[in-house]
Amino acid sequence: MLFETFQAMQDSVVDFAKTHADWLAPMGFAFAFLKSLPLVALVIPGTAILLSIGAILGLGDANFVAVWLAIAVGAALGDWVQYAAGVWFGPSLMRSKPLRKRPELLHRSTLFIQKWGVLSIVLCRFFGPLRATVPMIAGICGMRAAAFQAANWASAFLWAAALLLPGWWGTRAFL
């Protein structure tokens, strides 16, 4: 039942994107931003939609660079919000009801940051469950803001390209 709901949501978003190419950049921004937020990322099939946007880009005349930039900026801003929340609210976030229900994810995120340091920000971008918590934990753990932001922005541009290029190249190959 839940899978069918996600599939229907993805199908309707993709259908809209196919007929409204001028909305690809704002849609990409919104889904990348939302995909970066804890808990929201669990209910939004953002990765599948963003991969589909890459394929739609390959079919039409939409501006690839504008969509790529929008997705990268959305992802970086989403992680920045998470990091800032971790800095401002600190450990009290970990005691909040939604996060208390997932202690293993918070524990794994903390261990990941301890092991990889600032590189954890780059690596977590490419690993689903960690992507939604590592930036917040980095803020809580006191990672330097400049180091976080350098890794955050660089990885956002890499991640956006990694999502868009397979679909773009794949559809271009069949045109």
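Me: Which residues does Val67 touch, leaving out residues up to four places away in sequence?

Reply: This is a predicted model. In it, Val67 touches Leu24, Ala25, Ile53, Leu57 and Leu164.

Me: Which members of the largest nonpolar core touch the most other members?

Reply: The core has 22 residues, and Leu50, Ile53, Val67, Ile71 and Trp159 touch the most other members. H2 (24-35), H4 (46-59), H5 (64-89) and H11 (145-173) each supply at least two of its residues. H5 gives the most, with 6 residues. Another core, of 18 residues, lies apart from it; Ala85, Ile113, Ile121 and Ile137 are among them.

Me: What makes H2 roughly antiparallel to H4?

Reply: The axes of H2 and H4 cross at roughly 155 degrees. The cut-off is over 145, so the pair counts as roughly antiparallel. These axes come within 9 Å, and the crossing is left-handed.

Me: Which residues make the contact between H2 and H4?

Reply: H2 brings Leu24, Gly28, Phe31, Ala32 and Lys35. H4 brings Gly46, Thr47, Ile49, Leu50, Ile53, Ile56 and Leu57.

Me: How many residues of each class are in the contact of H2 with H4?

Reply: It has 8 nonpolar, 3 polar and 1 charged residues. Gly counts as polar here. The contact of H5 with H11 has 23 nonpolar, 2 polar and 1 charged.

Notes
Residues numbered from 1 in each chain as written. Predicted model: local features only at pLDDT ≥ 70, side-chain atom pairs only at ≥ 80, totals over all residues. Heavy atoms only, no water. Core = buried A, V, L, I, M, F, W, Y, C linked by side-chain atoms within 4.5 Å. Buried < 20%, exposed > 50% of the residue type's maximum accessible area, 1.4 Å probe, protein only. Helix = DSSP H or I, 4+ residues; strand = E, 2+ residues; numbered from the N terminus. Contact = heavy atoms within 4.5 Å. Axes fitted to C-alpha atoms, helices over the stretch in contact; angles between N-to-C directions. Parallel < 35°, antiparallel > 145°, perpendicular 65-115°, else oblique. Left-handed = near helix turned anticlockwise from the far one by under 90°.
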